[in-house]
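I opened my notebook to look up aromatic rings and pockets in one structure. The entries follow in the order I made them.

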Amino acid sequence: MRRSFIEVAADSHFPIQNLPYGVFRPRQGGSPRIGVAIGEYVLDLSVLDEAGLFDATSVGGKKIFHQPSLNRFMALGRPVWREVREQIQRLLDAAEPTLRDDAALRSKAFFRQHEVEMLLPAEIGDYTDFYASKDHATNVGIMFRGKENALMPNWTHLPVGYHGRSSSIVLSGTDVRRPLGQMKPGDAVAPVFGPCRQLDFELEMACLIGPGNEQGKPIAVERAEDHIFGLVLLNDWSARDIQAWEYQPLGPFLAKNFATSISPWVVTLEALEPFRVSGPKQDPAPLPYLRTTAPGSFDIQLEVYLKGEKMEEPQRITRSNFRYLYWSMAQQIAHHTIGGCNLRTGDLLASGTISGPEKESRGCLLELAWRGLEPLQMNNGEQRVWLEDGDELTITGWCQGDGYRVGFGEVTGKILPALAWPE
């Protein structure tokens, strides 16, 4: 197994087999720049660039890593990404002396992770959220329409999705304020206004688009993954009661646009490749433009933890897996562009809630507490049906290799009370 001269614990999310990209700023000062995570450290790629350790031609010129976002690098495409990743792995290899034996270079190039401030990894122009988990869609359908009509007629024929709001995408660690809006309780004759009463999380993942496509020129499903730079964890916070009143006939609006949280480290498809698996069997067979025989998913273990203000330790409330998604990322991209839509570098495409077949693998409180009928029992005696003020929600995920993990770190957010609003 390949090893780095940087010591990395077996349960670390960031061994030499991973090397996720992120944007950071040293806490002691300095401009934002691009780095990769290795163990407990961040390797500053701008320092390696200045030292002449990258081919300036292949990476689009000097200063490609002196950027406040990954967009310029993501636009260069998979051959460049692969070459850069291989060079970083060589430089970090335990047998390679270039960086290992240069104390002066190492002192400039490495930061402890607690010594840096992580920033949003990309300038996100557009954000799309899919509804790609059959178990999730079925559970929600049963709750609202009954078993006979759980899935809408179109669901097994196309990846259902909607366009979200990119301006309210925030980095892990950002507090989330409970939204205000209109709600209509079941026994009310008219809507009421106030703080959301049914605040939820959604366990999701998302891909960042590298090179886009020209308007009017769809991306073929076989080539769709060439447009994916990497994946992040995502929590699409959801105001269920606001959504129930507003969503017909056009879909989510205020219920989703107040906050979406993502993790700071972007894990590349090259790092995930050893963990590639097939998703669920698709029946009926998709139409030809969505049809693919290649395995299109990854064995990514996902966990969600909740910590209330009165709880001493976070409690795991669900455990799921990315491989449960019915529609693959490639199929989502092919469908997204088939009508002529042009994806652009930095666009974010989210999976939708990732639920599995067991109760313990459900990806949101709506399912876990079954619309309030089965409250979650917390270890300190409390119960949860919906998120309460002060609750901190953490999503984490990783692929388990032989003696190492390829992980995503975590995405976390704490619920703040709604703003006071005059009656």
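Which residues do ring pairs link into a cluster? I looked this up and found Tyr21, Phe54, Phe65, Phe73, Trp81 and Phe229. I noted beside this that the model is a predicted one.

**Entry: aromatic pairs**

I then looked up the total and found that the structure holds 14 aromatic pairs. I picked out the pair of tryptophan 155 and tyrosine 326, whose ring centres are 5.3 Å apart. A pair of aromatic rings is described by the angle of the planes as well as by the distance of the centres. For tryptophan 155 and tyrosine 326 the planes stand at 55°, so I wrote the pair down as tilted. The cut-off for edge-to-face is over 60 degrees.

I checked where the two residues sit. Tryptophan 155 is in the loop between α6 and β7, and tyrosine 326 is in the loop between β21 (315-321) and α9 (329-337). The pair therefore ties together parts that are 171 residues apart in sequence. Are tryptophan 155 and tyrosine 326 buried or exposed? I found both of them buried.

**Entry: the largest pocket**

I looked up the volume of the largest pocket and got about 1,300 Å³. Its lining has 42 residues, and Tyr131, Val140, Phe144, Gln243 and Tyr247 are the closest to the centre. Which elements each supply at least two residues of this lining? I listed β6 (127-130), α6 (134-145), β7 (161-163) and α7 (240-246). By type, I recorded 22 nonpolar, 10 polar and 10 charged residues in the lining of the largest pocket.

**Entry: phenylalanine 144**

I followed up one of the residues closest to the centre of the largest pocket, phenylalanine 144. Phenylalanine 144 lies in helix α6. Its relative accessible area is 43%. Buried would need under 20% and exposed over 50%, so phenylalanine 144 counts as partly exposed.

What does phenylalanine 144 touch, leaving aside its neighbours within four places in sequence? I found contacts with Leu366 and Arg371. Arginine 371 is 227 residues from phenylalanine 144 along the chain, yet their C-alpha atoms are separated by 9.5 Å.

**Entry: the second largest pocket**

Last, I looked up the second largest pocket, which holds about 320 Å³ of space. I counted 22 residues in its lining, with Gly279, Pro280, Gln282, Thr292 and Ala294 the closest to its centre. How do the residues of this lining divide? I wrote down 11 nonpolar, 9 polar and 2 charged.

Technical notes:
Residues are numbered from 1 along each chain as its sequence is written. This is a predicted model: local features need pLDDT of at least 70, side-chain atom pairs count only at pLDDT 80 or more; totals for chains, interfaces and linings use all residues. Side-chain values use heavy atoms; hydrogens and water are left out. On a 1 Å grid over the protein atoms alone, a cavity is a set of points where a 1.4 Å probe fits but cannot get out, and a pocket is an open set with protein on both sides within 12 Å along at least five of seven lines; lining residues have an atom within 4 Å of a point. Grid points are joined across faces, edges and corners, and a volume is the space filled by probe spheres set on the points. Helices (H or I, at least four residues) and strands (E, at least two) are DSSP runs, numbered from the N terminus. Ala, Val, Leu, Ile, Met, Phe, Trp, Tyr, Cys and Pro count as nonpolar, Asp, Glu, Lys and Arg as charged, and the others, Gly among them, as polar. Buried means under 20% relative accessible area, exposed over 50%, partly exposed in between (1.4 Å probe, protein chains only). Contact means heavy atoms within 4.5 Å. Rings of Phe, Tyr and Trp (its six-membered ring) pair if their centres lie within 6.5 Å; planes under 30 degrees apart count as stacked, over 60 as edge-to-face and the rest as tilted.
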